[in-house]
Amino acid sequence: MLLAPGSTWAARKPGDPLKPGFNLFSRQDDVKVGQENAKQVLQQYDVVKNQAVQDYVQRLGQKLAAMPEARQSGFDFTFTVLNVDEINAFALPGGPMFIYTGLLKAVDNEAQLAGVMGHEMSHVILRHGTHEATKANGIQMAIGGLGALLGGSESTASKLAQAGLGLGGNSLILKFSRDAESEADALGSHLMSEAGYEPVQMAKFFEKLAAGGKQGPQFLSDHPNPGNREAAIVAEMRTLPARMYGADTGQFARVKKEVAALPPPAKKPQAAGVTPGGSVPPAGQVPAGSKRYQGQGYTLNYPDDWQVTGGGSDVTIAPRDGIKDQQVGFGVLIGAFSGRSSADLIQKLKADNPKLQVAGSAKNVKVDGADAQMTMLSEDSPFGGGETDALVTVPRQSGLFYLIFAAPDRDYARVEKTFQQLLDSVRFQ
């Protein structure tokens, strides 16, 4: 794989302090953002009417919220079960948490549910959502705070979405980096341990989803795997006081039966920008939260929380944590090749990386109306495991224009749409 000059990646070490990162939002801003988005969620989804299910999740949540790190955050956590048959849960800045019935059906025991909830609470405690929004809106925030982002006559929900603070596809408050995931795993394991649950059950559930291919459209897509979760959490546990784990209330099996007996979710009209983890706007459009890159003879749109490195004919566009050890494991590499044959380019790539293999026959595609080819490749990922690469080549007068879309095998399916939309945005000049 091509190298990305000047990029770095540093993993958190077990036992390292866990503190919120740089943030231009106030804690009260977190609360406001969370409250506004929670209203939208409650308008869009059915709240489970079974009080026994709600009470069970509420008690479990409050047990975790009573642990020192959660209590010291100063946020008031709330817990609401939604009748949505998808494996998902999310917590908004300031503390509102929503748990889907699909998650309750998928977890194997109470400790796994506590693990997911503790993980989500940790994103709130560490203020990951508004930290990401700070990075994207830093200049505006420095000038005028939250009011500078939410000024104007549009609805608050619309303005939150445009600033990346809503729940649409460009949301910054529900899409986390691998570093943030590692931190949430670590702090979540603290909350679990202190509440009497074995922390490794959190990792076991995440690994179960990944291994079983049950990622769904949201949960693992917004929570990229930071690496070997189980090993990392076990290492974190060694830094915690030794405890006996056995906090299960004994109500888990009964609640699972109650959830299985719930009526099907009622369909409500889809409100704009309200789907947590939803897809980005249609290809060819410039969605809120995207940027336009001007290259040599072309332009394209890319997510605004990705970074551009390099220049001239060789460019990398990737999330900050998509690069490890100078290798791009998640993102897109764009370049020009002096030859006109995809086969020659593949041979050059193989010379740079002997483990690169062609994974299928080339297929014909279009890029800005021009004839092109897409060839699927495979190699080792710098994040461990295999990597899927989609090589797209377009003959141009100056040679071969190409893009390589790269992602770990376990992540490729859920980011393929984003890659396709980036490709569809390419315009030649």
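Mentor: Among contacts in the protein chain between residues at least 6 apart in sequence, 65% join residues at least 24 apart (contact means heavy atoms within 4.5 Å). The model is predicted, so to speak of a local feature requires pLDDT of at least 70, and side-chain atom pairs count only at pLDDT 80 or more, while totals for chains, interfaces and linings use all residues. Residues are numbered from 1 along each chain as its sequence is written, and side-chain values use heavy atoms, with hydrogens and water left out.

The protein chain has 429 residues, and 54% of them are buried (under 20% relative accessible area, with exposed over 50% and partly exposed in between, for a 1.4 Å probe and protein chains only). The chain holds 14 helices and 16 strands (DSSP runs numbered from the N terminus: H or I of at least four residues for helices, E of at least two for strands).

The part to look at is strand β3, residues 96–100. Five of its five residues are buried, so β3 is largely enclosed by the rest of the structure. Follow its side chains in order. Pro96, Phe98 and Tyr100 point one way from β3, and Met97 and Ile99 point the other way. In β3, the residues on both sides are buried.

β3 belongs to an open sheet of three strands in the order β1-β3-β2, with mixed pairing (two strands pair if DSSP finds at least two bridges between them). β1 and β2 stand at the edges with a single partner strand each, so one side of each has no neighbour in the sheet. From one strand to the next, the twist averages 15 degrees.

Take the β1 side. Strand β1, residues 78–82, runs parallel to β3, and five bridges join the two. Valine 81 has isoleucine 99 of β3 as its bridge partner, and leucine 82 has tyrosine 100.

β2 and β3 form a hairpin with four residues between the strands, in which glycine 94 takes a positive phi near 90 degrees.

Helices lie across the sheet as well. Helix α2, residues 51–65, lies across β1 and β3 and runs at about 145 degrees to β1 (axes are lines fitted to C-alpha atoms, for helices over the stretch in contact, and angles run from 0 to 180 degrees between N-to-C directions). Helix α5, residues 110–125, lies across β1, β2 and β3, at about 25 degrees to β2.

Ile99 is among the residues that touch the most other members of the largest nonpolar core, which has 49 residues; the others are Phe77, Leu103, Met117, Met121 and Phe205 (a core is a set of buried Ala, Val, Leu, Ile, Met, Phe, Trp, Tyr and Cys residues joined through side-chain atoms within 4.5 Å). Helix α5 gives the most to this core, with eight residues. Phenylalanine 205, neighbours within four places in sequence aside, is in contact with Ile87, Leu103, Ala106, Val107, Gln112 and Val116. A second, separate core has 29 residues, including Ile317, Phe330, Val367 and Val426.
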